[in-house]
Amino acid sequence: FDNEEEHINSFLHLPKTLYNKNQLMQNEAEERALLCGSHVLNKYFKLYKFIVYSGSIAVARCMITIYPDDRTAYIGFFECIDDLNCSRALFLAVDDFLIKLGYTQVTGPVNCSFWLQYRLKINRFDDLPYVSEPYNLPYYLKLFEDSGYNICENYVSNIYNKLPLFNHKKGKYVKRYEEFTSKGYKIVSPSKAEFKVILKSIYGMLITLYCDFPIFKYISEEDFYLHFNYFESILDFRMVKIVYKNDEIVGFFIGLPDYKNLLVGKITLFTRLKIALKKIRAGNYVMLYMGVKSEHKGLGSAITQAIIEHVYRMRSTSIGAFIKVGKVTGNYVKDSIKDKYKYVLLTKKLDEKE
């Protein structure tokens, strides 16, 4: 479908029939903007929208994203009832469409862009989703694999226990912190007023550090700012760290209070109050982004100690989010890891018979 309001409304309504209100991570305003071509990132790709009906009821949906000069297509915003016939109908329609366009591979779930959301959750479905988590239903992996998709990348989010009393100033992270600060590195939390300027430096590092990620796509500094400037209103700036060396930004960290799904629904006065209270004190924090320039090896451990200090003072738990399996950050503070959320990225060769 294209811009037919009836199909757009059905596409947007389907997730509400599949999840309860505490599980629902749908950002309807963002989805509508993408469907209608008004999102800041729409200029970077072409979108094709699919929906499966049983009678007049929508039972499956997805968006296909195509980038210039990329022979892989991306499937995202996938939702489906627990019925293999429905998922097969959707995947077959997508496959036929992409083969006619000359594509030989499709990867997902990717909700249009690296800068939005990707990955499929595969464990711990008894837990409520944490802020920014790509939440889905437990049977989705079965639906993908039934249609010929294979896992190509694995990711984890580490679930950290609350730190024991009087045990946050021990070990290599304290030594790293002392080592780097003694060499003139400054690890500080920016003010809200400084954050807009700092976003530009963070952009430069992210573009360099993340360029070898499997589905990374370039966006301009202006569009990066337009997409992420809303962070200013939801950050607890004590959970933002900027590292300076000789007045140059050489590292950064961004974490969020765990708002669960508060940020994706309708923002009412009551919602704003709950957000404000979590910014003051959160029972759980989600560690989203960390970047260090390559010539400052070991700085990540020093930044980790600065974060440990705040989490300890709040007597909170934390989640180290979306770490590619095998990355060194997956072993940070490993003695405090209680469990792991697991996610996958899947791919399918379209010239293979199912």
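These legends walk through the chain as a whole and then several close-up views of it.

The model is predicted, so local features are described where pLDDT is at least 70 and side-chain atom pairs count at pLDDT 80 or more, while totals for chains, interfaces and linings use all residues. Numbering starts from 1 along each chain as its sequence is written, and side-chain values use heavy atoms, with hydrogens and water left out.

**View 1. The whole chain, for orientation.**
The chain has nine helices and twelve strands. Both kinds of element are DSSP runs numbered from the N terminus: helices are H or I with at least four residues, strands are E with at least two. Along the principal axes, the C-alpha atoms fill a box of roughly 65 × 40 × 35 Å. A compact globule of 354 residues would have a radius of gyration near 20 Å, and the 21 Å of this chain agrees with that. (The radius is taken over C-alpha atoms, and the globule rule is 2.2 Å times the number of residues to the power 0.38.) Of the 354 residues, 54% count as buried. Here buried means under 20% relative accessible area, exposed means over 50%, and partly exposed is in between, using a 1.4 Å probe and protein chains only. Among contacts with a separation of 6 or more, 76% come from residues 24 or more positions apart; a contact means heavy atoms within 4.5 Å.

**View 2. Helix α6 against helix α7.**
Here α6 (192-209) and α7 (221-228) pack at an angle of about 120°, with their axes 10 Å apart. That angle makes α6 oblique to α7. The axes are lines fitted to C-alpha atoms, for helices over the stretch in contact, and the angles run from 0 to 180 degrees between N-to-C directions. Under 35 degrees counts as roughly parallel, over 145 as roughly antiparallel, 65 to 115 as roughly perpendicular, and the rest as oblique. From α6, look for Lys 196, Leu 199, Lys 200, Ile 202, Tyr 203 and Leu 206; they meet Glu 221, Phe 224, Tyr 225 and Phe 228 of α7. By class, the residues of this contact are seven nonpolar, no polar and three charged.

Tyr 210 sits in the loop between α6 and α7. Tyr 210 counts as buried because its relative accessibility is 11%. Leaving out residues up to four places away in sequence, Tyr 210 touches Phe 114, Phe 216, Tyr 289 and Met 290. Gly 291 is 81 residues away from Tyr 210 in sequence, but the C-alpha to C-alpha distance is 9.1 Å.

Helix α5 (residues 172-182) packs on helix α9 (residues 299-314) at an angle of about 110°, with the axes 7 Å apart. The two helices are therefore roughly perpendicular to each other. On the α5 side are Tyr 173, Val 174, Arg 176, Tyr 177 and Phe 180, and on the α9 side Leu 299, Ser 301, Ala 302, Thr 304, Gln 305 and Ala 306. This contact has seven nonpolar, three polar and one charged residues. Arg 176, in α5, counts as partly exposed at 31% relative accessibility.

**View 3. The loop between β4 and β5.**
Most residues other than glycine have a negative phi, and most peptide bonds are trans. Pro 109, in the loop between β4 (105-108) and β5 (120-121), is joined to Gly 108 by a cis peptide bond with omega about -5°. Arg 119 lies in the loop between β4 and β5 and has a positive phi, near 95°. At 11% relative accessibility, Arg 119 is buried.

**View 4. Val 333, between β11 and β12.**
Val 333 is found in the loop between β11 (317-324) and β12 (337-349). Phi of Val 333 is positive, near 50°. With a relative accessible area of 17%, Val 333 is buried.

**View 5. Asp 258 and its contacts.**
Asp 258 belongs to the loop between β9 (248-257) and α8 (269-280). With a relative accessible area of 3%, Asp 258 is buried. Setting aside residues up to four places away in sequence, Asp 258 touches Tyr 130, Val 131, Lys 278, Asn 284, Tyr 285 and Val 286.

Notes
Ala, Val, Leu, Ile, Met, Phe, Trp, Tyr, Cys and Pro count as nonpolar, Asp, Glu, Lys and Arg as charged, and the others, Gly among them, as polar.
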